[in-house]
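This report describes the secondary structure, packing and backbone geometry of a single chain. Please consult the sequence and the coordinates alongside the text.

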Amino acid sequence: MDKKLLGNGLFLSGIIALVFLVTVLIGGCSRYYHPYKPAIQPPQSNQKTIKPTVKPKTPAQPPKSTSSVVKRPAVTKPIRTPPAGKGSYMAYPAMQQLIDRMTRKGFSRAHLEQVFSGIERDEVILAKVKSPAEAKPWRSYRPIFLTEKRIQGGVVFWNRYNGALNAAAQRFGVDPEYIVAIIGVETLYGRNTGKYNVLRSLTTLAMDFPARSRFYTSELEQFLQLTREEKINNPAALKGSYAGAMGMGQFISSSYRNFAVDFNNDKHRDLWHPVDAIGSVANYFNRHGWKQGGDVAVPARISGTSYAKIAHTEAKKPIYSLRQLAQYGVTPLGRINSTRVDLLRLIGTRNDEYWITGDNFYAITRYNHSPKYAMAVYQLAQEIKRRKTGVRVSSQ
Ligand SMILES: [Ca+2]
C-alpha cells in the first residue's frame with residue numbers, strides 16, 4: 001500500500017472513530033436523560049380533557065445528578081428490530097435480563113416466560129409516546145379542564161362520596177376539593193381510566209423506547225411485583241393509560257405500590273374503586289408535603305422590572321417569603337397562607353398571568369410536574385367547592 005493510500009486510510013479511520021465516539025456519547029446521554037418520572041399518567045387522549053401536555057407526571061423524582069449516571073449499571077442495548085414474525089419479546093437480551101432479575105426476587109421463570117411470550121410490541125403505544133408533547137399555553141390548556149361537565153361532575157362525585165372524602169381529609173390532612181379535582185382532571189371521575197393493556201404498554205416501552213427504557217423497565221418490574229402483592233393472577237388483564245397509569249387517579253406501578261391504600265378495608269388496594277382512589281390520592285398528597293388548610297395560589301400584582309428575575313414557568317420548590325417577593329415588586333392580590341412562596345408566569349388569554357404559588361401548589365406538582373396541571377387542579381378545586389357550597393372561596 002503506498003503512503004498516500006495509507007495516509008488516507010488512517011485519516012478515514014480517525015474520522016470513523018470520531019463519529020463512533022460522538023454517536024456513543026449522544027446515545028448514552030439520551031438514554032440517561034429522563035428528568036421526569038411520571039407518576040400519574042396524563043389524561044387519556046380519548047377524553048376531550050386532558051391531552052397531557054407537556055410533561056409526564058411525576059411522583060418522587062429520580063435524582064438528576066451525574067453521579068447517578070456514573071453509578072448506573074450497564075444496560076444491554078435492546079434489539080431494535082421487531083421480533084421475528086409474530087414473535088414475542090423473549091428474543092430480547094433485555095427481556096432475558098429482566099426475567100433473570102425477577103427470578104432472583106422469587107418469581108417463577110416458567111411463569112414469566114409464559115406471561116411475556118404472549119406479549120407483542122404495540123406500535124400504537126410507541127407512536128403515542130413518541131409524538132411531541134403538546135406544550136399548550138395556559139390560555140389553551142385551562143379550557144380543557146375548567147368545563148361545566150367537570151365542575152358539575154365534581155360536585156356529584158363529592159356528594160356521592162362525601163363520607164370517604166371527609167374520612168380521607170381527616171386521616172391524611174388533605175382538603176377534599178383537591179382530591180376530587182385530581183380524580184376529575186385525571187379520569188373525569190373514573191369515566192376514562194384507560195383502555196390499554198398495562199403489561200403490554202410497559203413491556204413495549206421498556207424494550208422498544210430507548211430514551212426511557214430504564215424508567216419503563218423499572219416500572220415493568222414494579223408492575224410485576226404489584227400484581228403479585230395484589231394477587232392478580234393474570235397481569236395482562238389490567239387496563240390503563242398508554243404509559244401504564246392505572247385507576248381513577250392514574251397511578252403508575254411504583255406509585256401504586258408506594259402510595260395506594262386500602263381505604264374501604266376489603267384487604268385490596270383497588271384504584272378503580274372510588275373509595276380506595278380517594279384515600280390513595282389523599283395519601284399521595286400527604287406524603288408529598290401537603291399542608292392542610294394551606295393556600296395554593298393567588299394572583300400577583302407586579303411592578304417595576306425586577307420581578308422578571310424570579311418569575312418562572314416551571315415547577316419549583318418555593319423559597320421566598322412574601323416580604324422577599326415584595327422587594328422584587330410582587331404583591332399578592334388576596335390572601336395566601338403559605339410559609340414559602342414563589343412567582344409563576346403563565347401565558348394568559350390577553351397577557352401573561354402572574355401568580356404567587358405556595359407550598360401546596362408545589363405539592364400538586366409532585367403529582368404532575370407541569371405548573372399548568374397544578375393550576376388547573378387548583379382552579380377546578382376552587383370551582384367545585386364554590387359550586388358545592390354556594391360560597392365564593394377563591395380570591396381569583
Ligand atoms: Ca380496598
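Which residue is the bridge partner of P299 in β6? The partner is W355.

## Overall composition

The model is predicted. Its chain contains 16 helices and 6 strands. Of the 396 residues, 42% count as buried. Where contacts join residues at least 6 apart in sequence, 70% of them link residues at least 24 apart.

## The four-stranded sheet

An open sheet is formed by 4 strands in the order β4-β3-β6-β5, with antiparallel pairing. Strands β4 and β5 stand at the edges with a single partner strand each, so one side of each has no neighbour in the sheet. From one strand to the next, the twist averages 40 degrees.

The pairings can be followed strand by strand. Strand β4 (residues 330-332) runs antiparallel to β3 and is joined to it by 3 bridges; within this pairing, A300 stands opposite P332 in β4. Strand β3 (residues 297-302) is also joined to strand β6 (residues 352-358) by 3 bridges, again in the antiparallel sense. Here V298 faces I356 in β6, while P299 has W355 as its bridge partner. Strand β5 (residues 341-347) pairs with β6 over 7 bridges, and this pairing is antiparallel. One of the residue pairs between them is V341 with G358 of β6.

## Helix α13 and its surroundings

Helix α13 (residues 274-287) comprises 14 residues, and the distance from its first C-alpha to its last is 20 Å, close to the 20 Å expected at 1.5 Å a residue. Of these 14 residues, 12 are buried, so the helix is largely enclosed by the rest of the structure. The buried residues include P274, V275, D276, A277, I278 and G279. Also buried in α13 are S280, V281, A282, N283, Y284 and F285.

Which elements cover the buried residues of α13? Among them are α8 (162-172), α9 (176-187), α12 (253-259) and α15 (359-365). The helix is followed by G289, which has a positive phi near 95 degrees.

## Helix packing

In general terms, the packing of two helices is described by the angle between their axes and the distance between those axes. For α8 and α13, the angle is about 25 degrees and the axes are 9 Å apart. Helix α8 is therefore roughly parallel to α13. Their crossing is right-handed. The contacts are made by A164, L165, A168 and F172 in α8, which meet V275, I278, G279, A282, N283, F285 and N286 in α13. An α-helix has 3.6 residues a turn, so residues three or four places apart point the same way.

Helix α3 passes α4 in a right-handed crossing. In this pair, M95, I99, M102 and T103 of α3 meet R109, L112, E113 and F116 of α4.

## Positive phi in loop residues

Y189 is a residue other than glycine with a positive phi, near 60 degrees. Y189 is located in the loop between α9 and β1 (196-197).

N265 likewise is not a glycine, and its phi is positive at about 55 degrees. N265 belongs to the loop between α12 and α13.

Is Y189 buried or exposed? With 22 other C-beta atoms within 10 Å, Y189 is buried, because burial requires 20 or more such atoms. N265 has 9 other C-beta atoms within 10 Å and is therefore exposed, the limit for exposure being 12 or fewer.

Methods. Residues are numbered from 1 along each chain as its sequence is written. This is a predicted model: local features need pLDDT of at least 70, side-chain atom pairs count only at pLDDT 80 or more; totals for chains, interfaces and linings use all residues. Two strands pair if DSSP finds at least two bridges between them. Helices (H or I, at least four residues) and strands (E, at least two) are DSSP runs, numbered from the N terminus. The expected span of a helix is 1.5 Å times one less than its number of residues. Two residues are in contact if their C-beta atoms, placed from the backbone, lie within 7 Å. Axes are lines fitted to C-alpha atoms, for helices over the stretch in contact, and angles run from 0 to 180 degrees between N-to-C directions. Angles under 35 degrees count as roughly parallel, over 145 as roughly antiparallel, 65 to 115 as roughly perpendicular and the rest as oblique. A crossing is left-handed if the near helix is turned anticlockwise from the far one by less than a right angle, and right-handed if clockwise.
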